[in-house]
Amino acid sequence: MNQPDQISAAMLRNGAVGLAGYAASDLLELQPDLKEALATQAFATWQAVLRNCVEELAAALAVGRTQFFAGYLGWLQSVLTARGVPSGALPSAVACLAKVLAAELPSESGARAAGLLHEALRDLDRNMPEIPSFLKSDTPHGRLAASYLLALLEGDRAQAARLILDAAQQGVSVSDLYLQVLLPAQQEVGRMWQADEINVAEGHFATSTTSTILAQLRLRTPERERNGKTLLAAAVAGNRHDIGLQVVADFFEMDGWRVIQLGSDMPIPDLSQAVEFYQPDLLALSVSLHTQLVTLTETIQAVRRGQRGAVVKILVGGRGLAEATDLAQKFGADAYAADPNAAVALGNSLVGLTDTPASASENGSICRRTV
């Protein structure tokens with residue numbers, strides 16, 4: 001684990017477009033075959049790829065977790081390989097970027113950034129993820145998820161909805177439909193996009209359909225008696241993925257909470273105002289990517305400056321923190337939860353509805369925070 005390097009991270013974020021452009025130009029000059037393969041889009045494509053690399057490196061430095069970048073680079077190599085990009089293209093591009101960072105950044109920052117890129121390249125093959133299917137064909141829920149996914153891929157929204165709503169009518173619990181059918185199907189959609197088996201349009205259709213069906217299921221679920229507590233839920237600015245957040249919000253509502261779900265990509269000033277207006281007992285924040293961790297920190301800091309924000313309990317979750325749950329405490333949150341059930345258990349404990357659940361340590365943690 002490394003110490004956070006906010007100065008280098010800020011320089012990388014602010015100069016990401018230009019640094020990536022220099023590196024893309026060098027790459028295409030060294031490997032003209034890459035330019036020929038993409039014709040007029042070659043520079044823009046590689047600049048975008050390398051800009052993402054710079055931003056991921058900045059995020060890793062900002063929170064002191066340089067292993068984040070190595071993991072990202074392995075993921076990126078798998079994505080590019082699935083799309084027919086030669087296996088040596090990304091290492092060459094990152095090597096060009098390392099030279100640019102060493103030359104363009106102040107000496108200490110440039111040397112460190114370039115060193116981290118070379119270190120990630122050495123471990124590239126080891127960090128390429130092997131992602132098996134998220135669907136389990138040997139279980140009834142897994143088979144239902146597979147049928148649901150097939151309906152999505154065929155563009156049949158009505159059939160997809162019928163499968164899920166009929167299962168609910170036949171006695172499958174809403175919780176099981178959420179956690180063992182719909183979410184695994186959505187994860188499989190993500191895996192298929194990564195493997196270049198579906199495109200962005202197909203992925204968006206699947207997500208839109210799942211969001212609609214979640215709302216239909218929620219209306220069919222009996223509510224518990226209201227417990228007098230309010231949850232405000234939002235995905236931080238830049239996070240456009242809110243299916244998981246919707247599920248968490250529904251689980252709280254089914255547990256008796258009043259829920260105000262603000263959705264994806266919530267600007268910091270508007271979220272801070274919402275905390276003061278709605279006076280929630282608990283604020284749930286979602287982060288999907290490492291590049292959103294700085295935004296998460298800034299969001300919590302902004303919220304804490306308000307009168308209600310200073311005392312509201314803050315619960316964080318999402319894939320962006322899954323590999324480093326201890327960061328929740330460092331960022332000023334009160335707890336981290338890995339799944340909807342853990343979120344509800346921890347939320348109830350944080351606001352005094354229950355004692356700290358004994359099982360919370362498996363899927364989440366409560367942080368000690370001094371106000």
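**Getting to know the core, strands and rings**

Me: Leaving aside its neighbours within four places in sequence, which residues is Leu296 in contact with?
Reply: This is a predicted model, where local features need pLDDT of at least 70, side-chain atom pairs count only at pLDDT 80 or more, and totals for chains, interfaces and linings use all residues. Residues are numbered from 1 along each chain as its sequence is written, and side-chain values use heavy atoms, with hydrogens and water left out. Contact means heavy atoms within 4.5 Å. With neighbours within four places in sequence set aside, the partners of Leu296 are Val236, Leu285, Val287, Val316, Leu321 and Phe331.

Me: Which residues have the most contacts inside the largest nonpolar core?
Reply: A nonpolar core is a set of buried Ala, Val, Leu, Ile, Met, Phe, Trp, Tyr and Cys residues joined through side-chain atoms within 4.5 Å. Buried means under 20% relative accessible area, exposed over 50%, and partly exposed in between (1.4 Å probe, protein chains only). The largest such core has 72 residues, and those with the most contacts inside it are Trp46, Leu296 and Val316.

Me: Which helix gives this core its largest share?
Reply: Helices (H or I, at least four residues) and strands (E, at least two) are DSSP runs, numbered from the N terminus. Twelve residues make up the largest share of the core, and they come from residues 42-63, helix H4.

Me: Why is strand E4 described as largely enclosed by the rest of the structure?
Reply: Strand E4 covers residues 313-317.

Me: Which residue of E4 does Ser286 stand opposite?
Reply: Two strands pair if DSSP finds at least two bridges between them. Strand E3 (residues 282-286) runs parallel to E4, joined by five bridges. Across from Ser286, the E4 residue is Gly317.

Me: Which residue in E5 stands opposite Leu315?
Reply: E4 also pairs with strand E5 (residues 335-337), in the parallel sense and over two bridges. Opposite Leu315 stands Ala335.

Me: How many aromatic pairs are there in the whole structure?
Reply: Rings of Phe, Tyr and Trp (its six-membered ring) pair if their centres lie within 6.5 Å; planes under 30 degrees apart count as stacked, over 60 as edge-to-face and the rest as tilted. A search of the whole structure gives a total of five.

Me: What kind of pair do Phe252 and Trp257 form, and why?
Reply: Phe252 and Trp257 are both buried. Their ring centres are 5.0 Å apart and their planes meet at 85°, so the pair is edge-to-face.
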